[in-house]
Amino acid sequence: MTAVGGGTVTANGDFNSKKTAVMYGAGNIGRGFIGQLLFESGYQTTFVDVDENVVAAINEKHAYPLCILTDDSRTDVMIENIEAINGNDAGKVAGAISRADLMATAVGANILPRVAAPIAAGLARRFERGAAPIDVLICENLKDAERILRSLILSHLPKAAHSWFFESVGLVETSIGRMVPIQTPEMKGGDPMRICVEAYASLPVDGAAFRAGIPDLRGIKAFSPFSFYVERKLYIHNMGHALTAYCGDYLGCEYIWQAIGRKEVRCLVRKAMVSSANALAKKYGMEDQPLYDHVDDLIARFGNRQLGDTVYRVGRDLRRKLAREDRLAGALRLCESENTGTEGILLGIALALRFSSSDLDMPPEKALTDICGIGEGEPSFSEILRLHGQALEGSLEFT
């Protein structure tokens, strides 16, 4: 099968005009979310990954099983019309990008600098032959993802192509809400390619960033200004998830579903998430009821037992999760600026500072100033330390 323009030539010479996509990254989000949306929207998808076993498995069967988990059911669907390229083969990667109708990345923020050169090479080929505009869905958990990826690509793209790039390449930020847990042997059920996910399949995207037009993609929800969805994900979803983990750790829970199943935790987490929801509604002039519905939906999803998500996985990496603009300290500032209440968030930061799997290795005062960016003179500084002291003593009460 040979790729030609926006389709493929089959072994018998027939032309298949199926839409083509390049999915850079065949991991949890690439296979577990975007791959499903592309398949169900009629795309022939080429995955790019450096894991030789994954590449070989995709090219052997041209399909993989996706297991949709609810609290009481499991449903396997087959994701088909796929092939794979080894990410170390820069020439093949550039060739696939040069012919694609749509592209997406889900490689992880730390890996983006490594994939910028082959992406730029593929775009340079498009520029040289006057190809149609293309959009890149950036499916990374990364603030300012569009700006960062643009800078990385331009550093490798010939200067002659820079004007064309701004006109013809859309770098589209997305908000990835689907939860994909660590894949256990039990989840894989004997098939290393099976990936288990929750049913949620909505994909908010930056509606103002497209250059080739908003694609007919299942679950896509274009919105502008997209900063609303970036902050909704970070300060409602991510903050609530992390707060559940730190509460669960304090109470000796292993799993997120166990933590959110505790009434005192559920009430505290909802209170904090509603504070963020109210702040976002005020900041962006949005209706509050849809945000409250989103909060309740998330809390129900946190309780999905079959996801098996652990307190450790959700709570780890404190330097990132306590950072000034990230889920906890960022939500605190948002709620302070809109005067919508901060009690649950303050307690979340205090519990994060005594997280049993912490790798901070610094006094809480230093973590607050150096990581969270909370100054010693701020009221929240002393309140967090007070709550942290109670947590260490085991006398903390959830209110």
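Arg-194 and Asp-76 are joined by a salt bridge in which the closest N and O atoms lie 2.9 Å apart. This pair ties together distant parts of the chain, with Arg-194 in the loop between helix 7 (185–188) and strand 12 (195–198) and Asp-76 in strand 7 (residues 74–80), 118 residues apart. The model examined here is a predicted one, and it holds 15 salt bridges.

The side chains of Asp-296 and Arg-270 meet in a salt bridge at 2.8 Å, N to O, with Asp-296 in helix 11 (residues 288–302) and Arg-270 in helix 10 (residues 263–284), 26 residues apart. In this case Asp-296 is partly exposed, with a relative accessible area of 35%, and Arg-270 is likewise partly exposed, at 32% relative accessibility. Side chains of opposite charge can pair when their charged atoms come close.

Within helix 16 (364–370), Lys-366 forms a salt bridge with Asp-370, and the closest N and O atoms are 2.6 Å apart. These two residues are separated by about one helical turn, because they stand four residues apart in helix 16. In an α-helix there are 3.6 residues a turn, so residues three or four places apart point the same way. Lys-366 is partly exposed, with a relative accessible area of 41%, and Asp-370 is also partly exposed, with a value of 49%. Elsewhere, Glu-198, Asp-297 and Arg-301 are linked in a network of salt bridges.

Helix 17 (residues 379–393) comprises 15 residues and reaches 22 Å from its first C-alpha to its last, close to the 21 Å expected at 1.5 Å a residue. Its buried residues are Ser-380, Phe-381, Ile-384, Leu-387, His-388 and Ala-391. These residues lie on the same side of helix 17, because they cover an arc of only 135 degrees around the axis. The buried residues pack against helix 8, helix 14 (329–338), helix 15 (343–352) and helix 16, while the face turned away from this buried side carries the exposed residues Pro-379 and Glu-393. Just after helix 17, Gly-394 takes a positive phi of about 80 degrees.

Most residues other than glycine have a negative phi, and most peptide bonds are trans. Asp-144, although not a glycine, has a positive phi of about 60 degrees; this residue lies in the loop between strand 10 (134–138) and helix 5 (145–154) and is partly exposed, with a relative accessible area of 36%. A positive phi, near 65 degrees, is also found at Asp-317, again a residue other than glycine. Asp-317 is located in the loop between helix 12 (311–315) and helix 13 (318–321), where it is partly exposed, with a relative accessible area of 34%. The peptide bond from Ser-224 to Pro-225, in turn, is cis, with omega near 5 degrees, and Pro-225 is found in the loop between strand 14 (220–223) and helix 8 (227–250).

Technical notes. Residues numbered from 1 in each chain as written. Predicted model: local features only at pLDDT ≥ 70, side-chain atom pairs only at ≥ 80, totals over all residues. Heavy atoms only, no water. Buried < 20%, exposed > 50% of the residue type's maximum accessible area, 1.4 Å probe, protein only. Expected span 1.5 Å × (residues − 1). Arc of directions from axis to C-beta. Contact = heavy atoms within 4.5 Å. Salt bridge = Lys/Arg side-chain N within 4 Å of Asp/Glu carboxyl O.
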